[in-house]
Each structure stands twice: as C-alpha cells, then as structure tokens.
Amino acid sequence: MHTSPLVAVYRNFLGPAPNWYKQTIIVFLMINPFLFMLNPYIAGWALVIQFIFTLAMALKCYPLQPGGLLLIEALFIGMTSPEHMLYEIKTNLEVLLLLVFMVAGIYFMKDLLMFLFTKLVVKVRNKAILSLSFIFASAILSAFLDALTVVAVIIAVGLGFYSIYHKVASGKEFHSEHDHTADSDVSYPKKDDLENFRAFLRNLMMHSAIGTALGGVMTMVGEPQNLIIADKADWGFFEFFIRMSPITIPVFIAGLATCLLIEKAGWFGYGAKMPAAVREILRDYDAHMDTERTPRDNARLVVQALIGVWLVIALAGHFASVGLIGLSIIVLATSMSGIIEEHALGKAFEEALPFTALLCVFFGIVAVIIDQGLFQPVIEYVLTYEGETQLVLFYLANGVLSMVSDNVFVGSVYITEVAAALEKGEITRDEFDLLAVAINTGTNLPSVATPNGQAAFLFMLTSAIAPLLRLSYGRMVFMALPYTIVLTIVGLLMTYFSLYEMTDMLYQYHLIEHHVAGADGHEIESPSH
C-alpha cells in the first residue's frame, strides 16, 4: 500500500506515541505563536502547563522530544533567548555534573548496594518496619548526599530486585542474560506474583523518594537550592541545620508517622506485601551469591564500602562540587574493580544522560518563566506583608510554585528577591534569616506533590524502573498525596506558631548568633540581557 510523504512524516513524528498525543503536541505548537502575539504573559503560562503535560505523559512519550520542540519554538518566537537558556544551564552546572557523574558512580557501587539491601529485604519480614527503614535511610543519606544521588541508589536497588525475580519467573538462572522489560515468558500464577511485586517495589520507591525530601530539607547539601540559600545567608553546615530544625524535626517525625499509618491502613496504594514466592527467590539469590562469592568479590565489596565512606565524608565536608566527587567515585570504583574497557564504562551513563538533556530543556523553560515575569506578581504581593503572616505567605508561595516548577529555580528567585530587599533596607537581617528558613522549607516540602517539583522525583519518573513498576505521573502524585498534605500542613503550622519563638530560644542558648550587616554580599547574577 502506497504511503504519501506527508503521512510517512506524521507516522515518524514521535514514533509509537498515541495519535491523540501527537495531535495534542501539534495543536500546542500551532497555538503558541498566536498566544504570544496576543499576550506574552498568558503564552508563558500556557507553555509551562504544556511542558507539565509532557512530564505527566512521560510513559506515553519521553518528555525530552515534545518538551524540546515546545522550547525550540519558544526560542524562535522570542519568549526567551538562547543566551538566557545558556546562563540558566551554567548556573545549574553543578546539578548537571551531579547527574552525569554521581549517578554513573553509583552504578559502579551496585554490588555493595545489592548486598546490603538484599540482606535488609530478606531479613525484615514486617512491611511497615521495612518501609520505615527505607524512608529513614533515605532521609539520613539525603541529609549528607544530594537527593538525586540517593534516588539513583534506590533505583539501582529496585531495578536489581525486579530483574532477579523477573529472570527466575521467566525460567532463567541467576547468571543468565535476560531482557526484564518483556513479560512474554512470565506465565500464570507467576504473573500475579509479578504484579504484586511491582506494587511492593512501588511502595518502597515512593517511601524512599519522600525520605529524600525529609532529609534533603535539613542540611545545606541536601538540595541544590539549599546551597544557594546558605551562600546568600552566609550560613555554615551546622548553622543551616539548627536554623531549619524548628520546622524540619517535627516534619521528619510527622513523615515517619505518615509512613506507618498508610502502610498499616493500606491507603493510597500502599500496604502491598512481598509475595512468598518472590521472597523465596530473593532468599535463594542471597544464598547463591554468598556461596559463589570469591575472594576477589569480597575484596570488591570492601573497596566499595570504603569508597562509600569517602563519598559521605567528601559530601558532608563539601570538599568539591558534588559532580566532581561523583567523578572521583567513578575513577576509584572502576580502577579498584578492574573495569577498564570503554564499553563497560558506557553502560553507567545510559540512565543519566537522557535525563540530563531533559533537565537542560527544563532550564530553558525556567528562562521563559523569568523573561515573561510569571512569578513576579506573587513575589511583589508577599513582600507587602510582615511578621508571621509574611513567613506563612512565603512558605505557601514557594510551595505552590515549587509544585509546578523546579524548586531549585523557585528557591533561587525568592532568596535573591529577599536579599535585594535586605540590601535596600526594607527588612532587617533577622527577618531575612527567618524568611530564608521559610523559603527553604517551602521549596522542599510541598514540592513532593508532583514529580516536576523535585529533580529527584522527576528522575525517578523518567528512569528505567518507572515503566517496569507502572509508576506513572498520576500514580506518583496520588501516592505522594498523603505525604504532601501532612508535610505541608505540619511545616505551615511550625512556620506560623513556633519559628519565631524557637529561633529566639536558639539565640538565647547561643546555638546560633545574630548576623550583622547585610546578606553575605554576593548577589546571584542576573543575565545581562
């Protein structure tokens, strides 16, 4: 049958994505220039909503292609400039290096991770305790490592568990080559066990992701915007932790309580148990690996454990950019494990590079948000208030905007505006410090509502494990909902009722000291255009 060139082009466009999805993207591309001519502000918000749509449909089509097309059009019609997009990428270079190198570095430590987490999953039979262990471990790790790093660890572990069971359920041996993306060789009743195991792993993935938010908000190295806020406020590692503690400690406790409640009650898709057949396979795998492990394998585990200690110390001490520390992990782990072939190194980068490209597109959308002043009315409004009301409004404004945009961007914009207000004498230094706390907690806590709020959540959504576990955008939003409600409300109540009083108490006990003069003097540069 003859196919016209136009039909062939259409069929190639976004490949196997559904027709309705292709047509929706085409409609977006057609209406945006007209919207921009009519009202640039409305066109800017339309673009943001369209980009969020591509993220929400990540399982239909990876967001890089449709989101990239929308951004290219935005650049051509003048919604932002290539120079501004490049500036945003340069500003967030540490985040990109983190993705490229740290995620790859974690890949080369997967033997140790699988060893530790397999022991944990096999030994702990109580699902609620296991979930609590995952969320607690993720929170502690995220306080010292970047949340993206921790999520990369959890994804590697989850993918390892899934591939082990899928391989055995497909009739293969532990050491056999296997494609775990195809279910054709999995027969009933193993297919039912596979679905239940997917639900079980979804639970652990989401608990762990929330854990990264609980821990990431506490310290200056937990999230990229924390570093920016700490720099503007001239806070060290321990001062940052102490100033945040009136909000972050109660929120952490509330998060753990929420984990136990939803696991026990089975709400929001939680409470899934590991099938007995799967547990048996993982136990057999653990015993098999213990038996087969050679002295060289044991040496590899010891070396990886030592590299893990170096990783924690280097990140906690902030010896270098997170991405550069990740590069050191790659060099140390591969050289000490005998991985020297180029093709063996290449596999480690497969997971992170598509997301790195997507994040560059995201920074282009951020440039549009800035150039079209989409958040400016909100910032101007909240600065008109004072006292506890101002703190609450800053917390909520950051939270709402972080749900639809990147919390790194939102935190950066707000702390810059507040620092500018301090320099102009519109607020005192003590007020600035309190607002910095509200901005940090506001960007970190409510942003768990959607995957586009936190880079770590977005990374999980677009990772190889998401389609395997049927972890869609909508399902992530639904499963995060109880946490979103609890963390946001507890953070809000602490901001309003206790932040002032607790901060005064910290001053009285000399756990923190009043800062004199303005913010530390560095301003976050603005693009020259």
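## Salt bridges in a predicted model

D433 is buried, with a relative accessible area of 1%. Buried here means under 20% relative accessible area, exposed means over 50%, and partly exposed lies in between (1.4 Å probe, protein chains only). This is a predicted model, where local features need pLDDT of at least 70, side-chain atom pairs count only at pLDDT 80 or more, and totals for chains, interfaces and linings use all residues. Residues are numbered from 1 along each chain as its sequence is written, and side-chain values use heavy atoms, with hydrogens and water left out.

D433 forms a salt bridge with R429. The term means a side-chain nitrogen of Lys or Arg within 4 Å of a carboxyl oxygen of Asp or Glu. R429 is also buried, at 8% relative accessibility. Both residues lie in helix 21 (residues 429-444), 4 residues apart, about one turn of the helix. Helices are DSSP runs (H or I, at least four residues), numbered from the N terminus.

The whole structure holds 10 salt bridges.

| Pair | N to O distance |
|---|---|
| D433 and R429 | 2.7 Å |
| D286 and K119 | 3.2 Å |
| R293 and D290 | 2.8 Å |

D286 and K119 meet through their side chains. D286 lies in helix 13 (residues 276-292) and K119 in helix 7 (residues 110-123), so this pair ties together parts that are 167 residues apart in sequence. D286 is buried, at 9% relative accessible area. K119 is partly exposed, at 22%.

D290 is partly exposed too, with a value of 34%. Its salt-bridge partner is R293. K119, D286, D290 and R293 are linked in a network of salt bridges.

Methods. Helices (H or I, at least four residues) and strands (E, at least two) are DSSP runs, numbered from the N terminus.
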